[in-house]
Amino acid sequence: VPSPRPGLSAPDLDHPRSLPTGTMNEDQVQKQIEQMVKFIRQEAVEKAREIHVKAEEEFNIEKLRMVEAEKARIRAEYERKEKDIEVTKRISQSNHVRAARLNILSERQVQLNNLKEDAQKRLTRLVQSDKYASLLESLIVEGLIRLEGTKVSIRAVSGQATTAKNVLPSAVAKYKTWAEKKGAAFVKEIDITINDVAIKGSCGGVILATAGDKIVLDNTLETRLTLAMEVRLPETRRVLFG
């Protein structure tokens, strides 16, 4: 039995020898029992109150901890979603910029292709004009000088063998003149011939070969056009696209 609290008296519990020496009547016994019950109930009420207060405090502490933990989780989730949205936005912007650049590059390439096609058409018209024989002669002379060979075979475009043979003597004479001015010792050994194997898929120009066809120079108009486009590409882009 808990000890009596201050202000409460339970002499009969703490000091049993203080009980009256005489025999207690029924009323006195009943009163003593009631005091004991009252004391026990009071102690139980106060103990229950203490337990309740402590439980309430622990509940509030746990509730606060859970609330703070949930807040932290929500903040972390929000930050994660915010980062995901930002990353998605940047990826979308990057894809958009890249797509725009690719579109610009594609459009520019289309214009360059159109320019090359236009130049190809002009070359075709040039081949059909009276100026082509002179151009073909120049292409042969240029090829001979670049090869510096003594025995060179020349292939002409299909259907242009006659034109090539007509300009060959003049081209060979210019090549020999160039070799003589250079002081080359092989001038008398120069032997230039037209190969009967025609060039397919070209509108004009020639292909020259020397050293037993081990050294070949493609001087067709298509090759020259491609080379010119590559060399002049930076300048062409500045003119077309600024």
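## A buried asparagine

Asparagine 219 counts as buried, at 0% relative accessibility; here buried means under 20% relative accessible area, exposed over 50%, and partly exposed in between (1.4 Å probe, protein chains only). Asparagine 219 lies in strand S4. Strands (E, at least two residues) and helices (H or I, at least four) are DSSP runs, numbered from the N terminus.

The side chain of asparagine 219 also makes a polar contact with the side chain of arginine 224, at 3.0 Å. A polar contact is a pair of N or O atoms within 3.5 Å; within protein, one must be able to donate a hydrogen and the other to accept it, and residues adjacent in sequence count only if both atoms are side-chain atoms. Setting aside neighbours within four places in sequence, asparagine 219 is in contact with Leu139, Glu142, Gly143, Gly205, Val206, Ile207, Leu208 and Arg224, where contact means heavy atoms within 4.5 Å.

## About the model

This is a predicted model, in which local features need pLDDT of at least 70 and side-chain atom pairs count only at pLDDT 80 or more, while totals for chains, interfaces and linings use all residues. Residues are numbered from 1 along each chain as its sequence is written, and side-chain values use heavy atoms, with hydrogens and water left out.

## The chain as a whole

The C-alpha trace spans about 165 × 35 × 30 Å along its principal axes. The radius of gyration of the chain is 56 Å, whereas a compact globule of 242 residues would have one near 18 Å; the radius is taken over C-alpha atoms, and the globule rule is 2.2 Å times the number of residues to the power 0.38.

Of the 242 residues, 23% count as buried. Among contacts in the chain with a separation of 6 or more, 74% come from residues 24 or more positions apart. The chain carries 41 positive and 35 negative side chains, and the centres of the two sets lie 11 Å apart. In that count Lys and Arg are positive and Asp and Glu negative, with His and the chain ends not counted; each charge is placed at NZ of Lys, CZ of Arg, CG of Asp or CD of Glu.

## Two threonines

Threonine 210 sits in strand S3 (residues 205–210) and counts as buried at 10% relative accessibility. Its side chain reaches the backbone oxygen of lysine 151 at 2.9 Å. Not counting residues up to four places away in sequence, threonine 210 touches Leu147, Gly149, Lys151, Val152 and Ile215.

Threonine 223 belongs to helix H5 (residues 221–231) and is partly exposed, with a relative accessible area of 31%. Threonine 223 and valine 206 are 17 residues apart along the chain, and their C-alpha atoms are separated by 10 Å.

## Two loops with positive phi

Most residues other than glycine have a negative phi. Glutamate 148 is not a glycine, yet has a positive phi of about 55°. Glutamate 148 is in the loop between helix H3 (132–147) and strand S1 (151–157), and is partly exposed at 36% relative accessible area.

Aspartate 213 is placed in the loop between S3 and strand S4 (215–220).
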